Amino acid sequence: MVVGVTVSFVFAAERRQLILEMVRANGAVSLRELARVVQTSEVTVRRDVRALEAEGLLDRRHGGAVLPGGFTRESGFPQKSHLATAEKTAIADLAASFVEEGEAIVVGAGTTTQELARRLARVPGLTVVTNSLLVAQALAHANRVEVVMTGGTLRGSNYALVGSGAEQSLQGLRVSKAFLSGSGLTAERGLSTSNMLSASVDRALVQAAAEVVVLADHTKLGTDTMFQTVPTDVITRLVTDDPPGHDDRAVTELQALADQGVQIAVAGAASGGGTGGDPVPARHSRRDVPLPGPRRNQVHGTAPQLRTATVLGEQPSAGDRERERAARVADLRRR
């Protein structure tokens with residue numbers, strides 16, 4: 001539960017001070033939660049967060065605000081677990097549909113991969129290799145799933161095993177798929193994280209897999225952090241959620257990733273929250289975007305265009321921009 005104080009009405013200065021106190025107390029807070037606590041709209045909160053960022057008091061992230069620190073700062077597990085929880089649930093539900101009985105896979109550390117692990121407990125004959133204590137814990141009582149843990153040194157901030165011990169234990173390993181999350185994802189650099197040790201282990205996990213599946217909610221799209229883990233041309237598939245109407249940058253990033261050959265699977269919003277062992281069902285659909293652009297040994301071709309045209313010289317209205325955004329997302333879904 002996010003630490004906060006409920007108020008009936010606050011002026012801008014008081015509201016921003018409260019927002020700052022919430023971010024300092026939690027490390028990271030979603031815009032939705034901030035709006036709920038200060039009882040105003042997300043548009044107003046977004047404006048407040050921009051003003052606080054301009055003063056160097058916090059950093060904006062898609063869908064939330066975090067303590068200042070730029071590329072080098074990484075929020076811990078308690079802070080990350082409060083961001084985009086419904087989206088992570090929907091993503092985990094959809095990602096689990098790509099795992100078949102009897103497969104051997106690797107699953108990296110992260111709050112989204114932890115949600116995935118809870119769903120994998122139902123897949124019989126599965127072998128899961130992981131460096132995450134949280135993933136292993138989610139699968140501990142699954143009697144038809146074998147869990148193999150790497151060695152390494154424990155990072156308390158995300159309950160992951162890192163270091164040379166973890167990397168060496170992955171040498172010679174070969175599995176069908178790797179499921180990874182990170183701190184940011186861009187078409188230019190691919191998946192990235194803020195911690196060097198975590199990045200190094202994630203790269204070792206990728207080397208062990210025939211296919212790489214990235215789990216990233218829309219708040220991470222367009223965000224670039226310090227250490228690259230998976231280059232874009234190595235990512236086979238991205239499982240993400242449907243970006244909100246105002247998030248044009250996330251939609252643009254999805255287009256750019258599809259242009260570079262990443263298959264895009266978009267999950268719908270979860271139908272409810274929950275804790276404990278059994279996951280809450282989510283409304284989701286499996287909408288893959290085929291490899292549209294040059295990739296590995298693929299023949300170079302023309303990438304598909306998802307953008308709709310506007311009349312030359314006319315300025316698009318807010319309704320036009322929303323229809324264009326919806327059309328671009330719809331095209332991603334159809335393909």
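**Helix contacts and a charge over a ring**

Reader: Which residues of α3 do Leu-31, Arg-32, Leu-34, Ala-35 and Val-38 in α2 meet?
Author: The model is predicted, with local features needing pLDDT of at least 70 and side-chain atom pairs 80 or more, while totals for chains, interfaces and linings use all residues. Residues are numbered from 1 along each chain as its sequence is written, and side-chain values use heavy atoms, without hydrogens and water. Those five α2 residues meet (heavy atoms within 4.5 Å) Glu-42, Val-45, Arg-46 and Val-49.

Reader: How is α2 oriented relative to α3?
Author: Helix α2 covers residues 31-38 and helix α3 residues 42-54, and their axes lie 9 Å apart. The packing angle is about 105°. Because 65 to 115 degrees counts as such, α2 is, relative to α3, roughly perpendicular.

Reader: How is α5 oriented relative to α6?
Author: The axes of α5 (residues 85-96) and α6 (residues 111-120) come within 8 Å and cross at roughly 50°. That angle makes the orientation of α5 to α6 oblique.

Reader: Which residues of α6 make the contact with α5?
Author: Helix α5 contributes Lys-88, Thr-89, Ile-91, Ala-92, Asp-93, Ala-95 and Ala-96. From α6 come Thr-111, Thr-112, Glu-115, Leu-116, Arg-119 and Leu-120.

Reader: How far is the charged end of Arg-237 from the centre of the ring of Phe-98?
Author: The charged end of Arg-237 sits over this ring (CZ of Arg, or NZ of Lys, within 6 Å of the ring centre and within 35 degrees of the ring normal). Its distance from the centre of the Phe-98 ring is 4.1 Å.

Conventions: Axes fitted to C-alpha atoms, helices over the stretch in contact; angles between N-to-C directions. Helix = DSSP H or I, 4+ residues; strand = E, 2+ residues; numbered from the N terminus. Parallel < 35°, antiparallel > 145°, perpendicular 65-115°, else oblique.
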